[in-house]
Amino acid sequence: MLFVPANVQGYGRNHKRVYRIYCELELNLRIKPKKRLKRDKPLPLAAPDLSNDTWSMDFMADQLADGQSIRTLNVLDDFNRKSLCLEVDFSLLAERVVQSLNQIIEWRGKPNTIRVDNGPEYISGKLMEWAEKQGVRLEHIQPGKPQQNA
């Protein structure tokens with residue numbers, strides 16, 4: 001707000017006087033509102049017809065009683081919503097994700113598609129190389145739509 005002294009030529013100040021002076025000095029420029037991003041409507045998710053066809057991976061975070069954070073890697077089979085893997089550690093890097101996926105593939109077999117979000121572990125080169133070598137397609141969800149990887 002513009003500062004106006006209390007007694008300018010014997011007049012007191014109030015909000016109307018301050019606003020009038022503000023307008024006379026041409027300080028009343030219109031503040032443009034931020035433009036909102038228009039996002040596409042999410043595509044309907046393809047429901048898998050067979051078990052072991054599509055998996056979903058996501059990270060969750062929690063905190064221990066002493067304040068130290070932990071992360072969990074969850075891998076689910078989308079057909080029957082069965083949990084295939086639950087890795088818990090203080091830090092889970094892309095190498096650890098690849099190692100966990102290799103263990104699941106030895107046990108269950110290879111999926112056609114793995115649905116992931118756009119986190120740093122999933123867009124790393126190591127996971128992309130692994131998926132290409134294994135013949136698994138990584139399907140990223142749309143940005144801002146976490147319900148696609150529920």
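Gly109 counts as partly exposed, since its relative accessibility is 23% and the partly exposed class lies between the buried limit of under 20% and the exposed limit of over 50%. The model in which this residue is described is a predicted one. Gly109 sits in the loop that connects α2 with β4. Apart from neighbours within four places in sequence, the residues in contact with Gly109 are Asn52, Trp55 and Ile104. One of these, Asn52, lies 57 residues away along the chain, yet its C-alpha atom is separated from that of Gly109 by 7.5 Å.

**Overall composition**

The protein contains 3 helices and 5 strands. Read from the N terminus, the elements follow the order α-β-β-β-α-β-α-β. Of the 150 residues, 31% are buried. The accessible surface amounts to about 11100 Å², and carbon and sulfur atoms account for 54% of this area. Where contacts link residues at least 6 apart in sequence, 50% of them join residues at least 24 apart.

In general, the strands of a sheet pair through backbone hydrogen bonds, in either a parallel or an antiparallel sense.

| Strand pair | Sense | Bridges |
|---|---|---|
| β1 and β2 | antiparallel | 9 bridges |
| β1 and β4 | parallel | 3 bridges |
| β4 and β5 | parallel | 4 bridges |

Individual bridge partners can be named for these pairs. Ser56 has Leu76 in β2 as its bridge partner, while Trp55 is partnered by Ile114 in β4. For Arg115, the bridge partner in β5 is Glu139. The hairpin of β1 and β2 has 5 residues between its strands, and Gly67 in this hairpin adopts a positive phi near 95°.

**Helices against the sheet**

**A buried and an exposed position**

Val116 belongs to strand β4. Is Val116 buried or exposed? Val116 counts as buried because its relative accessibility is 0%, and the limit for a buried residue is under 20%. The C-alpha atom of Val116 is separated by 5.3 Å from that of Met57, although the two residues are 59 residues apart along the chain.

Tyr19, by contrast, is exposed, with a relative accessible area of 52%; the exposed class therefore applies, as it begins over 50%. Tyr19 is part of helix α1 (residues 15–24).

Terms used: Residues numbered from 1 in each chain as written. Predicted model: local features only at pLDDT ≥ 70, side-chain atom pairs only at ≥ 80, totals over all residues. Heavy atoms only, no water. Helix = DSSP H or I, 4+ residues; strand = E, 2+ residues; numbered from the N terminus. Buried < 20%, exposed > 50% of the residue type's maximum accessible area, 1.4 Å probe, protein only. Pairing = 2+ DSSP bridges. Contact = heavy atoms within 4.5 Å. Areas by Shrake-Rupley, 256 points an atom, 1.4 Å probe, with all protein chains shown as cover.
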